[in-house]
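Welcome! Let's learn to read a protein model together, one feature at a time.

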Amino acid sequence: MTYDASEDRRMTVDARVQAALESLPPAEQRMARFFVDQKQSVLLGSAAEIAELAGTSDATVVRTARSLGFDSLSALRQMLLSDLTGTPSPGKRLARTLQETGDDSAGALRHVIDIHDSVLEVLKRPEMAAAFERSVDILARAGRRHVFGIGPSGAMADYASLQFNRIGLPTSALSVSGIALADRLLWLGKGDAVLMMAYAPLYREVEVVLDHAERFDIPVVLISDNLAPLVPGKVAESLPVPRGKADHLAMHGGTIVLIEAMIIGLAKRNSEAAFDALERLSTVRGSIDKAWIKRGIRKNKYNKN
């Protein structure tokens, strides 16, 4: 049974997939989920390239697009791009989220857990593991790392920067907006790397950071579920981490999981330097509070503070 999208041409791709999913044959169900989870690949790849990534045939790619009500794969791409650049207001996204959570707080808990379960499934995919490995290589080789993020992503940029420094990797946070960002961009230099968390629409600070990185031949690792298609050729590696359901409140649990995996992955690349840095941290803490002297890293390798 083919989904008839003629009743509402304004529906997002995600909404069309959700409405049509149960009526599609199994192969097209898998392909439709790929359209939702791998928007960057769908926007940038040919039908054959998308098919190879999804483990199916290019005929299935085109047939699924038509089953969702699109005249062609190109038409699906056009709506995907429109979805990515036409983000609804935060209030509308919150309203849509609340409609799905039920009447009690336990419903909100179940709703968020279900969303993060689906995000974790994306993070477990082989193509994500390969992109993650390449990203860790880029960050490990750099002389200095710079983590970009604004708003909620700014808090994550500060967290990543702190943790990278703790394991002996000099890192700065590009977590401010406006002209204040100019001072921090002075820190960037050849041999560095940028870890960027940013999302569509393409705003000025992102453009400036990418231009600055390009000027100094600095590789950029992008964490985003929708920005990569808008910055072709500007990033060295892309990690498409979902932030929940389209047009709903953005959730960043998957990004935090990815950052914490990066901390472990980078520490594993040079564990001796990581232990040395944590030992120095304990020593400095001890100079502030003598109780810390008894909690050295080498004395208690399971210390998590």
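Q: Which elements have the lowest and the highest mean pLDDT?
A: Helix 7 (residues 90-99) has the lowest, at 65, while strand 1 (residues 145-148) has the highest, at 98.

Q: Over which residues does pLDDT stay under 50?
A: That happens over residues 1-8, for which the model has 14 contacts beyond four places in sequence. Where pLDDT is low, the predicted coordinates should not be read in detail.

Q: How many helices and strands does the chain have?
A: You can find 14 helices and 5 strands in the chain. Take helix 2 (residues 26-37) as a case: its 12 residues reach 17 Å from first C-alpha to last, close to the 16 Å expected at 1.5 Å a residue.

Q: Which residues of helix 2 are buried?
A: Look for Glu-28, Gln-29, Met-31, Ala-32, Phe-34 and Phe-35. Across the chain, 45% of the 305 residues count as buried.

Q: What lies over the face of Phe-70?
A: Arg-16 does, at 4.3 Å from the ring centre. As for rings pairing with each other, with centres within 6.5 Å as the cut-off, the count comes to 0 aromatic pairs.

How values were computed: Residues are numbered from 1 along each chain as its sequence is written. This is a predicted model: local features need pLDDT of at least 70, side-chain atom pairs count only at pLDDT 80 or more; totals for chains, interfaces and linings use all residues. Side-chain values use heavy atoms; hydrogens and water are left out. pLDDT is the predictor's confidence in each residue, from 0 to 100. Helices (H or I, at least four residues) and strands (E, at least two) are DSSP runs, numbered from the N terminus. Contact means heavy atoms within 4.5 Å. Rings of Phe, Tyr and Trp (its six-membered ring) pair if their centres lie within 6.5 Å; planes under 30 degrees apart count as stacked, over 60 as edge-to-face and the rest as tilted. A charge sits over a ring if NZ of Lys or CZ of Arg is within 6 Å of the ring centre and within 35 degrees of the ring normal. The expected span of a helix is 1.5 Å times one less than its number of residues. Buried means under 20% relative accessible area, exposed over 50%, partly exposed in between (1.4 Å probe, protein chains only).
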